[in-house]
Amino acid sequence: MRRTLRTVVVVYLVLLVGWPVSLVVRGAFADGLETFQRALSDPSVVFALQLTAAVAVQVVLINTVFGVGISMLIVRYDFPGKALLNALLDLPLSVSPIVVGLSLVLVYGKNGWFGGALEDAGLQVIFAPPGIVLATAFVCLPLVIREVVPVLTELGTDEELAATSLGASWFQTFRRITLPAIKWAVVYGVVLTLARALGEFGAVKVVSGNFEGRTQTSTLLVEQRYQDFEQGTAYAVAFLLASVSVACIVAVTFLRSDDAAGPRTRRTARPSPRTAAPTEADA
């Protein structure tokens, strides 16, 4: 029974993930490195990659700061509507990205609630890079929070209260006690946010307008080039995006394994002869 289940799972993963990804890799290297050279010599491809990287970096910074802040708010404080806020944080995971993009258009579009006033002030959100950042940040919002909240909950407040009673300011307490305790959770959230931001498609397509050389990200470029039968460029860019995502997943896996192995090593380590407590025989 165990072998049968293992075989079914392996076949399922191969058909669902392994085989499609292998076809992308084979298509990307069908002509060797010439496909990548042609793709990277295309100004539209270079712009799409640069825009995607810039958006991903901004989203990571925004969601890291607000993610840690919201996590502290949820775990450390009680206030009316806390349960509702906690539920709303999972909304980006349950709502279609297309709906997210449409919602942003209705709010920040030219005829939206704030779009007209912002455009009069010289700031265009929809069909511009700020809209892409907003859409991507919305979709990636829960990733840092859902990594940090369990760690903060397990950490408790004893050490923070002790530091405060000794005269430490809130910033000193956060920098010296809270942040070192949650650093690995923050790292996990950052890596997952980066991978998600690089691959976002649905919400970005709605708010960007997909203007080549202006608001076209890498995922939108892959779709357009594939539909235009420029499959070599589509395969090459898709392989680059997939490679970064896989690297992020591998990094998270190693970080988790190292973090999990650390406490076990400390708990099982035997004291050295110099530090061991004296026994009756020694006395």
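Helices, as I count them here, are DSSP runs of at least four residues, numbered from the N terminus. With that settled, I read the order of elements in this predicted model, and from the N terminus on they run α-α-α-α-α-α-α-α-α-α-α-α-α. The count is 13 helices and zero strands.

**Entry: confidence and overall packing**

Helix 3 has the highest confidence, at a mean of 94, whereas helix 13 (residues 231-268) has the lowest, at 74. Over residues 263-283 the pLDDT stays under 50, and for that stretch the model has one contact beyond four places in sequence. I then checked burial, and noted that 31% of the 283 residues are buried. Of the contacts with a separation of 6 or more, 71% are between residues 24 or more positions apart.

**Entry: helix 3**

I asked whether the length of helix 3 fits its residue count, and worked from 34 residues (43-76) at 1.5 Å a residue, which should span 50 Å; the end C-alpha atoms are 49 Å apart, so the two agree.

**Entry: the annotated segments**

I took the feature "transmembrane region" from UniProt, where an unreviewed entry places it at residues 46-75, 87-109, 121-145, 181-199 and 234-255. I compared two of these ranges with the model. Residues 121-145 come out as 68% helix and 0% strand, with the end C-alpha atoms 33 Å apart. Residues 181-199 come out as 100% helix and 0% strand, with 30 Å between the end C-alpha atoms.

**Entry: Thr173**

Is Thr173 buried or exposed? I located this residue in helix 10, which covers residues 170-199, and its relative accessible area is 6%, which is under the 20% cut-off, so I recorded Thr173 as buried. A polar atom of the Thr173 side chain lies 2.9 Å from the backbone oxygen of Ser169. Leaving aside residues up to four places away in sequence, I listed Glu160, Ala163, Thr164, Ala168 and Thr178 as the residues that Thr173 touches.

**Entry: aromatic pairs**

How many aromatic pairs does a search of the whole structure find? I noted seven, and then looked at two of them, among them Phe29 with Phe36, a tilted pair with 5.0 Å centre to centre and 50 degrees between the planes. Phe29 has 37% relative accessibility and counts as partly exposed, whereas Phe36, with a relative accessible area of 11%, is buried. The other pair I looked at is Tyr108 with Phe114, also tilted, at 6.2 Å centre to centre and 40 degrees between the planes. Tyr108 counts as partly exposed at 25% relative accessibility, and Phe114 counts as partly exposed at 44%. Last, I followed the ring pairs onward from Phe29 and Phe36, and found that they link these residues and Phe239 into a cluster.

Technical notes. Residues numbered from 1 in each chain as written. Predicted model: local features only at pLDDT ≥ 70, side-chain atom pairs only at ≥ 80, totals over all residues. Heavy atoms only, no water. Helix = DSSP H or I, 4+ residues; strand = E, 2+ residues; numbered from the N terminus. Buried < 20%, exposed > 50% of the residue type's maximum accessible area, 1.4 Å probe, protein only. Polar contact = N/O pair within 3.5 Å; in protein donor to acceptor, adjacent residues only side chain to side chain. Contact = heavy atoms within 4.5 Å. UniProt positions renumbered as here; feature names shortened; annotations may be inferred. Expected span 1.5 Å × (residues − 1). pLDDT = per-residue confidence, 0-100. Phe/Tyr/Trp six-rings, centres within 6.5 Å; stacked < 30°, edge-to-face > 60°.
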